[in-house]
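Subject: Structure handover

Hello,

Here is the structure you will be working with. Please open it alongside this email and follow along.

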Amino acid sequence: ADGRFRFHEWTVKVDPDAVFFPDRLRGILTARHTAPGAVYLNNCKYGLHGPIEVFSKVAIETYAAHHGECQQKLWFAADRWGEDLYMDQCLQKILKVQ
């Protein structure tokens with residue numbers, strides 16, 4: 001929560017047991033998303049599932065400004081969902097981030 005994400009266009013959350021190749025992701029982001037708005041990369045047709053989650057700076061700023069709405073509307077998810085499903089549902093369904 002130190003705000004370092006603001007110095008970068010994208011934030012990547014990687015599980016500690018995942019293998020991550022930043023150069024591969026950099027190529028995907030360059031080819032598909034040259035000027036990101038509030039977006040996140042959905043890595044599964046059933047929704048965001050982790051070991052790697054990728055969010056634009058605007059998506060993280062949107063979440064930071066409105067996370068209380070998600071906490072209020074998704075109160076039941078706190079002890080039932082992982083953070084990947086929570087973020088997917090919060091961003092997509094409540095905050096309308098695609």
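**Helix H2 and its kink**

H2 has a kink of about 65°, centred on His-66. The bend at a residue is the angle between axes fitted to the seven residues ending there and the seven starting there. Helices (H or I, at least four residues) and strands (E, at least two) are DSSP runs, numbered from the N terminus.

A word on the source. This is a predicted model: local features need pLDDT of at least 70, side-chain atom pairs count only at pLDDT 80 or more, and totals for chains, interfaces and linings use all residues. Residues are numbered from 1 along each chain as its sequence is written, and side-chain values use heavy atoms, with hydrogens and water left out.

Back to H2. Its 17 residues reach 23 Å from first C-alpha to last, close to the 24 Å expected at 1.5 Å a residue. The expected span is 1.5 Å times one less than the number of residues. Lys-57, Ala-59, Ile-60, Thr-62 and Cys-70 are buried in H2. Buried means under 20% relative accessible area, exposed over 50%, and partly exposed in between (1.4 Å probe, protein chains only). The buried residues of H2 pack against strand S1 (10-14), S3 and H3.

**Helix H3**

H3 has 12 residues, which should span 16 Å at 1.5 Å a residue. Its end C-alpha atoms are 15 Å apart, which agrees. Its buried residues are Asp-84, Tyr-86, Met-87, Asp-88, Gln-89, Cys-90, Leu-91 and Ile-94. They pack against S2, S3 and H2. Just after H3, Lys-96 takes a positive phi of about 60°.

**The nonpolar cores**

A nonpolar core is a set of buried Ala, Val, Leu, Ile, Met, Phe, Trp, Tyr and Cys residues joined through side-chain atoms within 4.5 Å. The largest has 16 residues. Those with the most contacts inside it are Phe-55, Cys-70, Leu-74, Tyr-86, Leu-91 and Leu-95. Helix H2 (57-73) and helix H3 (83-94) each supply at least two residues of this core. The largest share, 5 residues, comes from H3.

Apart from it lies another core, of 6 residues, among them Trp-10, Leu-25, Leu-29 and Val-54. Val-54 lies in strand S3 and is buried, with a relative accessible area of 5%. Leaving aside neighbours within four places in sequence, Val-54 is in contact (heavy atoms within 4.5 Å) with Trp-10, Thr-11, Val-12, Leu-25, Leu-29, Tyr-40 and Leu-41.

**Aromatic rings**

Rings of Phe, Tyr and Trp (its six-membered ring) pair if their centres lie within 6.5 Å; planes under 30 degrees apart count as stacked, over 60 as edge-to-face and the rest as tilted. By this rule there are 3 aromatic pairs. Tyr-40 and Phe-55 form a tilted one, at 6.3 Å centre to centre and 35° between the planes. Tyr-40 lies in strand S2 (residues 40-41) and Phe-55 in strand S3 (residues 52-56), so the pair ties together parts 15 residues apart in sequence. Tyr-40 is buried, at 5% relative accessible area. Phe-55 is buried too, at 4%.

Trp-75 and Phe-76 form an edge-to-face pair, at 5.7 Å centre to centre and 90° between the planes. Trp-75 is exposed, at 64%, and Phe-76 is partly exposed, at 30%. Trp-75, Phe-76 and Trp-81 form one aromatic cluster.

Best wishes
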